[in-house]
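Please look over the sequence and the model before reading on.

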Amino acid sequence: APPSATPPRRDAAAAALAPSRVTAAAVMRISQPHQWRKALKLVRDGGERAGTAPPEVKAFNVVLGVLGKAGQWKAAIQLLEDMPGMGVTPTVVSCNAALLACVRAREWGRAWEILGRMREGGGEWPRVGDSEA
């Protein structure tokens with residue numbers, strides 16, 4: 001007699017056990033400026049859960065953009081600075097999103113600080129002129 005239920009596929013079982021990862025698509029669902037707290041929590045929690053892969057850098061970039069639109073420049077700078085400790089290297093896009101958050105808030109000094117760090121390069125920050133491709 002044939003079995004009543006088909007056994008689960010091995011790849012489905014392996015996927016269920018694989019570490020989950022916060023993706024840009026997941027963050028895009030809550031990317032309105034009034035949802036900045038949820039978006040920030042999603043990447044922060046995703047980067048701190050034991051046994052999970054760090055969120056995609058694109059997810060951080062989306063959140064940095066949301067923070068800028070919401071006027072949360074301090075949170076954008078803090079997230080940018082925290083990314084390496086969460087296992088994610090900031091990209092030029094990441095830095096530009098935090099820079100734009102500062103510009104929107106007319107925080108010129110902080111914007112210059114970000115540009116200065118990018119000019120120096122080194123460490124976990126990209127250099128001015130680096131490309132994403």
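The model is predicted: local features need pLDDT of at least 70, side-chain atom pairs count only at pLDDT 80 or more, and totals for chains, interfaces and linings use all residues. Residues are numbered from 1 along each chain as its sequence is written, and side-chain values use heavy atoms, with hydrogens and water left out.

**Whole chain**

- The chain has seven helices and zero strands, where helices (H or I, at least four residues) and strands (E, at least two) are DSSP runs numbered from the N terminus.
- Along the sequence the pattern reads α-α-α-α-α-α-α.
- Of the 133 residues in the chain, 35% are buried, meaning under 20% relative accessible area, with exposed over 50% and partly exposed in between (1.4 Å probe, protein chains only).
- Contact means heavy atoms within 4.5 Å; of the contacts between residues at least 6 apart in sequence, 61% join residues at least 24 apart.

**Helices α6 and α7**

- The axes of α6 (residues 92-104) and α7 (residues 108-120) come within 8 Å and cross at roughly 160°; axes are lines fitted to C-alpha atoms, for helices over the stretch in contact, and angles run from 0 to 180 degrees between N-to-C directions.
- α6 and α7 are therefore roughly antiparallel, since angles over 145 degrees count as such, under 35 as roughly parallel, 65 to 115 as roughly perpendicular and the rest as oblique.
- On the α6 side the contact involves V92, C95, N96, A98, L99, C102 and V103, and on the α7 side W108, R110, A111, I114, L115 and M118.
- By class, this contact of α6 with α7 holds 11 nonpolar, one polar and one charged residues; Ala, Val, Leu, Ile, Met, Phe, Trp, Tyr, Cys and Pro count as nonpolar, Asp, Glu, Lys and Arg as charged, and the others, Gly among them, as polar.

**Helices α4 and α6**

- Helix α4 (residues 57-69) packs against α6 at about 5°, with the axes 8 Å apart.
- The two helices α4 and α6 are therefore roughly parallel.
- V57, N61, L64, G65, G68 and K69 of α4 meet V93, S94, A97, A101 and R104 of α6.
- The contact of α4 with α6 comprises five nonpolar, four polar and two charged residues.

**Cysteines**

- C95 is buried at a relative accessible area of 0%, and C102 is likewise buried at 0%.
- Both C95 and C102 belong to the α6 side of the contact with α7.
- The whole structure has zero disulfides, a disulfide being a pair of cysteine sulfur atoms within 2.5 Å.
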